[in-house]
Amino acid sequence: MKIFIDTANVEDIKKANDMGIISGVTTNPSLIAREGRDFKEVVKEITGIVDGPISAEVISLESEKMVEEALELVKIHKNIVIKIPMTVEGLKAVSQLHKKGIKTNVTLIFTPAQALLAARAGASYVSPFLGRLDDLGEEGVLLIEKIAAIFDKHNIKAEIIAASIRNPYHAVKAAEYGAHIATIPYNVILKMTEHILTDRGIERFLNDWNSVMNK
Ligand code: E4P
């Protein structure tokens, strides 16, 4: 499973990129708004940091307008992937963009049926949201298992991006259940680096070293 970072914060993207662990970036209108900067400017800056798929989301709700927005966004960089919400209009836009050779990431997927339709419309990526399902009392990661089984059985090429990842458990389960990618916020990436025994181990190694070498 590959790891993307789920943020529009360029400092966090640089820090994660320096760790050598990320191969793409996803943004959404909420994440862009949080930065308080020009949308296209932020996206362009991100393309200069990470050499991989960068998802930029359309705002329009009608397919024609979505396609218009997409055609502008792809001018920013060859790695731009157009993020489109899972609606009837969204599917129409995905289908048109697919015919033009433009990659799409269908977002706000909450059922296997939605994932199947998005893939059949020509999406390159589908993004099931785990955390938001957990918020409703469901076990979001099970959605990954179901979508992965369907895609595998029917040889569907669209890649599954596990999204709305809130903790390391989500990321690990997404990998176990067959997500191709998990898009993870920077704070969760940091949590994934940690273990108390790692910290204690370093402390013990250094104490042992210093007790002999610094005599
Ligand atoms: C994914 O592409 C979305 O940007 C993101 O994962 C949504 O996460 P949230 O549910 O924590 O807002």
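Start by selecting A162: its bridge partner in β8 is A182. Strands here are DSSP runs of E, at least two residues long, and helices are runs of H or I of at least four, numbered from the N terminus. Before going on, note that this is a predicted model: local features need pLDDT of at least 70, side-chain atom pairs count only at pLDDT 80 or more, and totals for chains, interfaces and linings use all residues. Residues are numbered from 1 along each chain as its sequence is written.

**Stop 1: β7 and β8**

Stay on this strand pair. Pick I161 and find its bridge partner in β8, I181. Now show residues 181-184, which form β8. β7 and β8 run parallel, joined by 2 bridges. Two strands pair if DSSP finds at least two bridges between them.

**Stop 2**

**Stop 2: β6**

Go to the other pairing of β7. Select β6, residues 125-128, with β7, residues 159-162. These strands also run parallel, with 2 bridges between them. Click V126: its partner in β7 is I160.

**Stop 3: the barrel**

Show the strands β1-β2-β3-β4-β5-β6-β7-β8: they make a closed barrel of 8 strands with parallel pairing. Neighbouring strands of this sheet are turned by 30° against each other on average, direction ignored.

**Stop 4: the ligand**

Select the ligand and its shell: D6, T26, N28, T107, S127, F129, G131, R132, A163, S164 and T183. A residue counts as near if its C-beta atom, placed from the backbone, lies within 6 Å. Colour the shell by class to see 2 nonpolar, 7 polar and 2 charged residues. Ala, Val, Leu, Ile, Met, Phe, Trp, Tyr, Cys and Pro count as nonpolar, Asp, Glu, Lys and Arg as charged, and the others, Gly among them, as polar.

**Stop 5: two helix pairs**

Select α4 (residues 63-73) and α5 (residues 88-99): they pack at about 45°, axes 8 Å apart. α4 is therefore oblique to α5. Axes are lines fitted to C-alpha atoms, for helices over the stretch in contact, and angles run from 0 to 180 degrees between N-to-C directions. Under 35 degrees is roughly parallel, over 145 roughly antiparallel, 65 to 115 roughly perpendicular, and the rest oblique.

Finish with α6 (residues 112-121) and α8 (residues 141-153), whose axes come within 9 Å and cross at roughly 40°. That makes α6 oblique to α8. Here too the crossing is right-handed.

Methods:
A crossing is left-handed if the near helix is turned anticlockwise from the far one by less than a right angle, and right-handed if clockwise.
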